[in-house]
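Me: I have a model open here and would like to go through it piece by piece. Could you keep the answers in plain sentences?

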Amino acid sequence: VCGGCPVQRQCLAASDEEERDLPRRWVYGVRGGLLPGARFDRRVTTQNGRRFMTLRCRYCRRLFQWQVARGSRQEYCGKECVAAAAKTAQVSEDAR
């Protein structure tokens, strides 16, 4: 389907950016010539036998490397962002 498309690279780059923060089960469809599993696996790199994924922090939006572990996912780049996000959530909950 995508083999002769003139914007295949741009489409793949756009899907990388748009799907960066999404869990695997939310990614679907063919984009840039790749199926969802192949696009998701592109985000995972291996260093010294350990698998790392590039993610974007939910609080400060910086990119960070996260070591992939079964059944867990880190959403913040560091303890500061975890604390700041918790404080923000507490303030919004108190406002209700």
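Me: Which residues of β3 are on its covered face, and which are on the uncovered one?

Reply: Phe64 and Trp66 make up the covered face of β3, whereas Leu63, Gln65 and Gln67 make up the uncovered one. In a regular strand, side chains alternate between the two faces of the sheet. Strands here are DSSP runs of E with at least two residues, helices are runs of H or I with at least four, and both are numbered from the N terminus. Please keep in mind that this is a predicted model, in which local features need pLDDT of at least 70, side-chain atom pairs count only at pLDDT 80 or more, and totals for chains, interfaces and linings use all residues. Residues are numbered from 1 along each chain as its sequence is written, and side-chain values use heavy atoms, with hydrogens and water left out.

Me: What order do the strands take in the sheet, and is the pairing parallel or antiparallel?

Reply: The sheet is open and has 3 strands in the order β1-β2-β3, with antiparallel pairing; two strands pair if DSSP finds at least two bridges between them. Because β1 (44-47) and β3 (63-67) stand at the edges with a single partner strand each, one side of each has no neighbour in the sheet. On average, neighbouring strands of this sheet are turned by 35 degrees against each other, direction ignored, the axes being lines fitted to C-alpha atoms, for helices over the stretch in contact, with angles from 0 to 180 degrees between N-to-C directions.

Me: How many bridges join β2 to β3?

Reply: Strand β2 (residues 50-56) is joined to β3 by 5 bridges, and the two run antiparallel. Leu55 stands opposite Phe64, and Thr54 has Gln65 as its bridge partner. The hairpin of β2 and β3 has 6 residues between the strands, and Arg61 in this hairpin takes a positive phi near 70 degrees.

Me: Switching to the helices, is Ser15 buried or exposed?

Reply: Ser15, which lies in helix α1 (residues 8-19), is buried, with a relative accessible area of 0%. Buried means under 20% relative accessible area, exposed over 50%, and partly exposed in between, using a 1.4 Å probe and protein chains only. Leaving out residues up to four places away in sequence, Ser15 touches Arg31 and Arg39, where contact means heavy atoms within 4.5 Å.

Me: And where is Arg39, and what does its side chain pair with?

Reply: Arg39 sits in helix α2 (residues 36-42) and counts as buried at 2% relative accessibility. The side chain of Glu19 makes a polar contact with the side chain of Arg39 at 3.0 Å; such a contact is a pair of N or O atoms within 3.5 Å, where within protein one must be able to donate a hydrogen and the other to accept it, and residues adjacent in sequence count only if both atoms are side-chain atoms. Glu19, in helix α1, also counts as buried, at 9% relative accessibility.

Me: Which residues of α3 are buried, and which are exposed on the other side?

Reply: Cys81, Ala84 and Ala85 are buried in α3, while Lys79, Lys87, Glu93 and Asp94 are exposed on the other side.
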